[in-house]
Amino acid sequence: MQAEELDMLESLDDEMPDHYTFHPDPGGLLLWGASNEDDMFFWRKSSPDPDQWPAVVFTRSSDWWEHEGGALSLVAGLIDGSVEHWGLPPRPGPNPTVTA
């Protein structure tokens with residue numbers, strides 16, 4: 001992880017809802033991505049099985065929300081419109097699709 005990302009995470013600690021904490025704490029948030037709009041995406045390590053970890057979103061407008069389907073489900077849903085954007089930029093284009 002780069003120094004600027006660590007600084008950003010440390011600054012988020014003050015804005016985070018009380019029920020969230022960072023990895024390596026039990027149930028902590030583990031950063032897996034960020035947008036070019038400064039939105040951040042985490043896994044919440046809620047289980048020993050990583051396939052069960054929900055995705056947590058922190059938006060540039062300081063919204064925090066959780067998606068139970070995990071990271072892949074979140075990203076696909078944001079693109080195809082099946083997941084509400086809650087503070088994220090609108091979906092790309094009028095008819096985006098996700099294919100395997």
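What share of the 100 residues of the protein counts as buried? The buried share is 33%, where buried means under 20% relative accessible area, exposed over 50%, and partly exposed in between (1.4 Å probe, protein chains only). The model is predicted, so local features need pLDDT of at least 70 and side-chain atom pairs count only at pLDDT 80 or more, while totals for chains, interfaces and linings use all residues. Residues are numbered from 1 along each chain as its sequence is written, and side-chain values use heavy atoms, with hydrogens and water left out.

**View 1. The protein has two helices and four strands.** Along the sequence these elements follow the pattern α-β-β-β-β-α. Helices (H or I, at least four residues) and strands (E, at least two) are DSSP runs, numbered from the N terminus. The protein exposes about 6400 Å², of which carbon and sulfur atoms supply 51%; accessible areas come from the Shrake-Rupley method with a 1.4 Å probe, and for residues only the protein chains shown count as cover. Among contacts with a separation of 6 or more, 25% join residues 24 or more positions apart. A contact means heavy atoms within 4.5 Å.

**View 2. Four strands form an open sheet in the order 1-2-3-4.** The pairing in this sheet is antiparallel. Two strands count as paired if DSSP finds at least two bridges between them. In general, strands of a sheet pair through backbone hydrogen bonds, either parallel or antiparallel. Strand 1 and strand 4 are at the edges with a single partner strand each, so one side of each has no neighbour in the sheet. From one strand to the next, the twist averages 30 degrees. Helix 2 (residues 70-80) packs on the sheet and touches strand 1, strand 2, strand 3 and strand 4. The direction of helix 2 makes about 105 degrees with that of strand 4; axes are lines fitted to C-alpha atoms, for helices over the stretch in contact, and angles run from 0 to 180 degrees between N-to-C directions.

**View 3. Strand 1 and strand 2 form a hairpin with five residues between the strands.** Five bridges join these two strands in the antiparallel sense. Leu 29 has Arg 44 in strand 2 as its bridge partner. In the hairpin, Asp 38 takes a positive phi near 70 degrees.

**View 4. Strand 3 and strand 4 run antiparallel and are joined by four bridges.** Val 56 stands opposite Glu 66 in strand 4. His 67 also has its place in strand 4. With 14% relative accessibility, His 67 counts as buried. Leaving aside neighbours within four places in sequence, His 67 is in contact with Pro 54, Ala 55, Ser 73, Leu 74 and Val 83.

**View 5. Glu 37, Asp 39 and Arg 60 are linked in a network of salt bridges.** A salt bridge is a side-chain nitrogen of Lys or Arg within 4 Å of a carboxyl oxygen of Asp or Glu. The whole structure holds three salt bridges. In the bridge between Arg 60 and Glu 37, the closest N and O atoms are 3.8 Å apart. Arg 60 lies in the loop between strand 3 (55-58) and strand 4 (64-67), and Glu 37 in the loop between strand 1 (29-34) and strand 2 (40-44), so this pair ties together parts that are 23 residues apart in sequence. In the bridge between Arg 60 and Asp 39, the closest N and O atoms are 3.7 Å apart. Asp 39 is in the loop between strand 1 and strand 2, 21 residues from Arg 60. Arg 60 is partly exposed at 44% relative accessibility, as is Glu 37 at 36%, whereas Asp 39 is buried at 1%.

**View 6. Arg 44 and Glu 66 meet in a salt bridge of 2.6 Å, N to O.** Arg 44 belongs to strand 2 and Glu 66 to strand 4, and the two are 22 residues apart. Glu 66 counts as partly exposed, with 27% relative accessibility.

**View 7. The largest nonpolar core has eleven residues.** A nonpolar core is a set of buried Ala, Val, Leu, Ile, Met, Phe, Trp, Tyr and Cys residues joined through side-chain atoms within 4.5 Å. Its members include Leu 12, Met 16, Tyr 20, Phe 42, Phe 58 and Trp 64. Strand 1, strand 2 and strand 3 are the elements that give two or more residues to this core. Apart from it lies another core of eight residues, among them Phe 41, Ala 55, Val 57 and Leu 78.
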